[in-house]
Amino acid sequence: MGILIPVELVRIYECLCDVTRLRLLNVLLRGPLCVCHFQAVLREPQVKISKHLAYLRARGFVTAARRGNWMVYALPTRRPHELSANLACLQDCAGEQAVFRRDLARLERLAPALAQPPAAGCRCAGGSGRLSP
């Protein structure tokens, strides 16, 4: 007889088994961002970031809210206990990995631009492009 594993837990680990998705989630633990912010922090192309955000959004790991021409992504306020526990583990473990530390350092350097509305500091959909690190 096989072991029964809750479907929710399997779904969580399927989402967490990709380094780009882990990096996105780790950055989102600090607060909402739009795609161009992720590009500046992760230094990855828009297509790759958008693909992974769509994957996470379809599975309920991120939410998206439209602000004018911009889509701002965030972690859901209500999430299953298993997801919250794994995000806490990610936050603890990320400090030990150079790629996660670099992402958070870039995010810190962008903090002043992130405090502005997306239109003022965003390259998405024709923004000003002031986010380049």
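## Model and confidence

pLDDT is the predictor's confidence in each residue, on a scale from 0 to 100. Over residues 125-133 pLDDT stays under 50, and the model has 24 contacts beyond four places in sequence for this stretch, a contact being heavy atoms within 4.5 Å. The chain has a mean pLDDT of 82, and 80% of its residues reach 70 or more.

The model is predicted: local features need pLDDT of at least 70, side-chain atom pairs count only at pLDDT 80 or more, and totals for chains, interfaces and linings use all residues. Residues are numbered from 1 along each chain as its sequence is written, and side-chain values use heavy atoms, with hydrogens and water left out.

## Packing of H2 against H4

Helices (H or I, at least four residues) and strands (E, at least two) are DSSP runs, numbered from the N terminus. Helix H2 (residues 19-28) packs against helix H4 (residues 46-58) at an angle of about 80°, and their axes lie 10 Å apart. H2 is therefore roughly perpendicular to H4. Axes are lines fitted to C-alpha atoms, for helices over the stretch in contact, and angles run from 0 to 180 degrees between N-to-C directions. Angles under 35 degrees count as roughly parallel, over 145 as roughly antiparallel, 65 to 115 as roughly perpendicular and the rest as oblique.

On the H2 side, Thr20, Arg21, Leu24 and Leu25 meet Lys48, Ile49, His52, Leu53, Tyr55 and Leu56 of H4.

## Packing of H2 against H6

The axes of H2 and helix H6 (residues 98-114) cross at roughly 40° and come within 10 Å. These two helices, H2 and H6, are therefore oblique to each other. From H2, the residues Leu22, Arg23, Asn26 and Val27 meet Val99, Phe100, Asp103, Leu104, Arg106 and Leu107 of H6.

## The three-stranded sheet

Three strands form an open sheet in the order E1-E3-E2, with antiparallel pairing. Strand E1 (33-34) and strand E2 (63-67) are the edge strands, each pairing on one side only. Two strands pair if DSSP finds at least two bridges between them.

E1 pairs with strand E3 (residues 70-74) in the antiparallel sense over two bridges, and Leu33 has Tyr73 in E3 as its bridge partner. The antiparallel pairing of E2 with E3 runs over five bridges; here Arg66 has Met71 in E3 as its bridge partner. E2 and E3 form a hairpin with two residues between them, and Gly68 in the turn has a positive phi of about 65°.
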